[in-house]
Amino acid sequence: QVQVVESGGGSVQAGGSLTLSCAASGVAYMRKCMGWFRQAPGHEREGIATIYGGDSSTYYVDSVEGRFTISQDNAKNTVYLQMNNLKPEDSAMYYCAADRAGTCLSAAYRHSARQYNNWGQGTQVIVSS
């Protein structure tokens, strides 16, 4: 059974940085796609970054490209999301999710919350102006 636990959220001022961690048990990274999502009040959950376990290929949406970096440490079964130059509009609950490897390889699916079957409880990020 796959279990996913996020940590590292908090409150920062605009322009600051945070690093989120996602510890996943019961998952073989080589055969998995790991994604970071976020959901602000009144908005749908949106995918922002994914990493393919097979070769560590990464994918980002435009709103975070160049500011956020997703990475993985297979020895620790952990995925990270380094967030730099944070903006107030980045404020949201951030979730980590795991799915089969093929999800990462599809541009139509890799950032779609509906594709992922294993979710963490989320960690809150608040960015003040």
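Which residue takes a positive phi in the hairpin of strand 7 and strand 8? Select asparagine 77: its phi is near 50°, and the hairpin has four residues between the strands. (Strands are DSSP E runs of at least two residues, numbered from the N terminus.) Before you go on: this is a predicted model, where local features need pLDDT of at least 70 and side-chain atom pairs count only at pLDDT 80 or more, while totals for chains, interfaces and linings use all residues. Residues are numbered from 1 along each chain as its sequence is written, and side-chain values use heavy atoms, with hydrogens and water left out.

Buried means under 20% relative accessible area, with a 1.4 Å probe and protein chains only.

Next, pick the largest nonpolar core, with 28 residues; Trp36, Ile48, Leu81, Met83 and Tyr94 have the most contacts inside it. Such a core joins buried Ala, Val, Leu, Ile, Met, Phe, Trp, Tyr and Cys residues through side-chain atoms within 4.5 Å. A second, separate core of nine residues includes Cys33 and Cys104.

Last stop: aspartate 90, in the loop between strand 8 and strand 9. Aspartate 90 counts as buried because its relative accessibility is 1%. A polar atom of its side chain lies 2.8 Å from the backbone nitrogen of lysine 87.

Terms used:
Buried < 20%, exposed > 50% of the residue type's maximum accessible area, 1.4 Å probe, protein only. Pairing = 2+ DSSP bridges. Polar contact = N/O pair within 3.5 Å; in protein donor to acceptor, adjacent residues only side chain to side chain.
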